[in-house]
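Dear colleague,

Please find the structure below, together with its sequence. My notes on salt bridges and backbone geometry follow.

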Amino acid sequence: MATLVRVCGIVGYVGHRPALDVVVNGLKRLEYRGYDSAGVAIGTGEHLAMERKAGRLANLEAQLDAVGRARFAGTSGMGHTRWATHGAPVDRNSHPHSDTAGVIAVVHNGIIENFAELRAELESRGVEMASDTDTETTAHLIALAYTEGETKADLAASVRAVARRLEGAFTLVITHAEVPDLVVAARRSSPLVVGVGAGEHFVASDVAAFIEHTREAVELGQDQVVTITRDGYAVTDFHGEPASAKPFTVSWDLACAEKGGHEYFMLKEIEEQPEALANTMRGHFGNGRVLLDEQRISEQDLRDVDKVYVVACGSAYHSGLVAKYAIEHWCRLPVEVELASEFRYRDPVLDRDTLVVAVSQSGETADTLEAIRHARSQKARVLAVCNTNGAQIPRESDAVLYTHAGPEIGVASTKAFLAQIAANFLVGLALAQARGTKYPDEVAREFAELEAIPDAVRRVLSTVEEMRALGRRLADSKAVLFLGRHVGFPVALEGALKLKELAYMHAEGFAAGELKHGPIALIEDGLPVVVVMPSPKGRATLHGKLLSNISEVQARGARTIVVAEEGDERVRPFADHLIEIPAVATLLQPLVATVPLQVFSAEIARTRGYDVDKPRNLAKSVTVE
Ligand code: M6R
């Protein structure tokens, strides 16, 4: 029997509005978290009206129309949208799951690691399972707790009793037909926030689910249970002791979580990059110094750092590769950039003078979370660079520097990636300042160059039509290679990742100098090769070397798309297609050079008819290892 593990979106509601509308709209905003199946359970006052369907939320909506939405009249309920990592995403494995009597509904995000044992126990008591999921065991266990012993007829106590028995990471939301004005949720590791409205309350994996109704939210801690009713919420630990949770006001509004006239979130998020960068840097320079006040690492601790590890996954990892060039150059410190999924499985050399920078948009990525747990167990200091307020990674880090990119809904990272690069640069400048490897006027100059980047990105955005047209023309290509050197190498990797995940096209990024050591064998007539050129002035030697690399691929029939600095005349004869970007400081070039590559991949994906926001097999937050 396969265990189904998942990264999901969950929402619960008790209030005065039609719950079905609130829940389905909430799920629409959470669908980026997974889109293998969706389901709802609404308390009608007499029973729980449930529906669930494999596939996108649209399938569930069609099903709701088919059975008649009138059956779902009620002002409390919950819903789920799922991403399965293994096990078939079929109707019967979709959430909510129920007990045998159909009076309890449970939705779940996470993995219950001891589910086989719990399932065996239930089966020995004669309970028959209707699905392959670990979640269903919790529905039966809660139902049993609700009918017996000290927890009888007390839903919150029943949930707490079961939560104490569960191993693994989970968020559960539970409702019972007998108490329709109550929704209970339990949290361990997987995210959960409470939305506080007037005469209504919400629970959800992300504030986006309820942002249209309230911006007042409460961040739950580890191992907490919350009950929501129309009039309030109460938080306890798993033993029923009152517990404190952190209230906060969401700083963005509904418009941020909507497409704003764009066909896809990703296209909107590409456009938002200048603001994302400006917001990330805002307030971080004053009195001639880089200020990282919010980040909780003292100047002395920064001075003591003798080695830096950046741990991250996917695009966030690429942002770390860019940071390596800057931090080593500015701070004279060794920097290792590690795939978070590999980090703790070797034996990295860590001690209290090691700074581990954990970069994560979501702050939920399981690989990164486990990497920082390992780093902290070895006494290293952990600084999170994160885009999500109060997420698990910043919570478990010694310090946090938030990127202020706003919500990123498209599964492919764009504005969060650029914001990560900018935040990593801030960390580098703060280290250089503390260690005295840069004079104050040099730090000020670097920061001023960084501050000028949003305008440079605006200029790039005003000229991307050519790249879009090229994307349409090359949409039938079988593969695309990306080449770069120095900071252009991580840009090449990021360009290739975007193309793979959005257009399902074979794409590889290479350090151009490596070509002759193997990859050049891939070049054949007409193969598109995207080349990220270094500045002819800032990096004259490398520029010359890359021209040679281009000649090598051209000689073998490649079609070259060259991203180069405005005014780079030497490169013209080498470019079948020339995409010009503004000249910026060498280390900052990735912030402008990445943008045309994002546009290129998105356009190829659109031309091929793919959903740019929800590429197949992916989910935005990967909370399983
Ligand atoms: O939330 P995180 O930044 O930790 O996510 C890391 C990666 O999963 C993420 O960057 C992924 O590679 C994106 N889909 C890339 O576009």
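The side chains of Arg33 and Glu364 form a salt bridge, with 2.9 Å from N to O; the term denotes a side-chain nitrogen of Lys or Arg within 4 Å of a carboxyl oxygen of Asp or Glu. This pair joins distant parts of the chain, 331 residues apart. Arg33 sits in the loop between α1 (19-30) and β2 (37-43), and Glu364 in the loop between β19 (354-360) and α11 (366-377). Helices (H or I, at least four residues) and strands (E, at least two) are DSSP runs, numbered from the N terminus. Arg33 and Glu364 are each buried, where buried means under 20% relative accessible area, exposed over 50%, and partly exposed in between (1.4 Å probe, protein chains only).

Two notes on the basis of these values are in order. This is a predicted model, in which local features need pLDDT of at least 70 and side-chain atom pairs count only at pLDDT 80 or more, whereas totals for chains, interfaces and linings use all residues. Residues are numbered from 1 along each chain as its sequence is written, and side-chain values use heavy atoms, with hydrogens and water left out.

Salt bridges

The search of the whole structure finds 42 salt bridges. In general, side chains of opposite charge can pair when their charged atoms come close. One of the pairs found is Lys268 with Glu272, at 3.2 Å from N to O. Lys268 counts as buried because its relative accessibility is 8%. Glu446 and Lys438 also meet in a salt bridge, at 3.7 Å from N to O, and both of these residues are buried.

Backbone geometry

The peptide bond from His95 to Pro96 is cis, and its omega is near 5°. Pro96 belongs to the loop between β4 (76-82) and β5 (97-98).

Two residues other than glycine with positive phi may also be of interest to you. For Ala153, phi is near 60°. Ala153 is placed in the loop between α4 (135-147) and α5 (155-165), and it counts as exposed because its relative accessibility is 56%. For Asn287, phi is about 50°. Asn287 lies in the loop between β15 (285-286) and β16 (289-290), and its relative accessibility of 81% is why it counts as exposed.

Yours sincerely
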